[in-house]
Amino acid sequence: MRRSVLETIIGAAVLLAAGAFVFFAYSTADLGRSGGYEVTAEFDNIGGLAVGADVRMSGIKIGAVSEQNLDTQTFAALVTLSIDSSIKLPTDSSVKIASESLLGGKYVQVTPGAEDDVIPPGGRIRFAQSSVSIEDLIGRFIFSGSDDKKG
């Protein structure tokens, strides 16, 4: 009898620690954060950008990628960005898909414009630069070097 009480207490302590860990992970991952407003941007190629990826301005996280869709008319990638409500993007702002490192993930980099008017919630960012593929750059470098030797 004494052993089962001890096992019950240890089991309860383990469950309490697991619950505390889940609460900590949930609160630090910004999963519960809601608010802000959404804008869309159209890209030719998003090259590995994932839902949940950071949206950054000057290296500071100001939002996240909330949705990705394919425009069936133009076959472009429509990316919905959830932006912090305290950040007001000018209408001439631009976005581009950047890499965290050579092997790292992708994020959306926002460059603010200079206009006085701001993009309204549900609006569209007009200037978007697609992802640059490292494989394509290496291939161009290799094949451009071999063309020079033929001449």
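In strand β8, its bridge partner is Ala-128. Strands here are DSSP runs of E with at least two residues, helices are runs of H or I with at least four, and both are numbered from the N terminus. β8 covers residues 127-129, and it pairs with β5 in the parallel sense over 3 bridges. Two strands count as paired if DSSP finds at least two bridges between them.

This is a predicted model: local features need pLDDT of at least 70, side-chain atom pairs need pLDDT 80 or more, and totals for chains, interfaces and linings use all residues. Residues are numbered from 1 along each chain as its sequence is written, and side-chain values use heavy atoms, without hydrogens or water.

In β6, its bridge partner is Val-110. Now select Ala-98. Ala-98 stands opposite Tyr-107 in β6. The two strands form a hairpin, with 6 residues between them.

**Across to β2**

Show strand β2 (residues 54-57) with β6 (residues 106-111). This pair is parallel, with 2 bridges. Pick Val-55 and find Val-108, its bridge partner in β6. Then pick Arg-56, which stands opposite Gln-109 in β6.

**The whole sheet**

Zoom out and colour by strand. Which order do the strands take in the sheet? The order is β7-β1-β4-β3-β2-β6-β5-β8, in an open sheet of 8 strands with mixed pairing. β7 and β8 stand at the edges with a single partner strand each, so one side of each has no neighbour in the sheet. Along the sequence, the pattern reads α-β-β-β-β-β-β-β-β-α. That is 2 helices and 8 strands in the protein chain. Of its 151 residues, 24% count as buried. Here buried means under 20% relative accessible area, exposed means over 50%, and partly exposed lies in between (1.4 Å probe, protein chains only).

**Arg-56 and its contacts**

Return to Arg-56 and show side chains. What lies under this arginine? Arg-56 sits over the face of Tyr-107, at 4.3 Å from the ring centre. A charge is over a ring if NZ of Lys or CZ of Arg is within 6 Å of the ring centre and within 35 degrees of the ring normal.

Arg-56 also meets Asp-54 in a salt bridge (3.2 Å, N to O). The term needs a side-chain nitrogen of Lys or Arg within 4 Å of a carboxyl oxygen of Asp or Glu. Shared partners join Asp-54, Arg-56, Lys-61 and Glu-100 into one network. Lys-61 is partly exposed, at 41% relative accessibility.

**A tie between β7 and β1**

The structure holds 4 salt bridges. For another of them, select Arg-124 and Glu-42 (3.1 Å, N to O). Arg-124 lies in β7 (residues 124-125) and Glu-42 in β1 (residues 37-43), so this pair ties together parts that are 82 residues apart in sequence. Arg-124 is partly exposed at 43% relative accessibility. Glu-42 is partly exposed at 31%.

**Two loop stops**

Most residues other than glycine have a negative phi. Select Ser-58, in the loop between β2 and β3 (60-70). Ser-58 is not a glycine, yet its phi is positive, about 55°. Is Ser-58 buried or exposed? It counts as exposed, at 72% relative accessibility.

Move to Phe-75, in the loop between β3 and β4 (77-83). Phe-75 has a positive phi as well, about 60°, although it is not a glycine. At 61% relative accessibility, Phe-75 counts as exposed.

**Last stop: the nonpolar patch**

Switch to a surface view. Select Leu-102, Leu-103, Val-132, Ile-134, Leu-137, Ile-138, Phe-141, Ile-142 and Phe-143. Together they make a nonpolar surface patch of about 1,000 Å². Patch residues have over 30% relative accessible area and no salt bridge; like charges are joined within 9 Å, nonpolar side chains (Val, Leu, Ile, Met, Phe, Trp, Tyr) within 5 Å. Areas come from the Shrake-Rupley method with a 1.4 Å probe, and for residues only the protein chains shown count as cover.

Centre on Phe-141. Phe-141 is found in helix α2 (residues 134-150). Its relative accessible area is 66%, so it counts as exposed.
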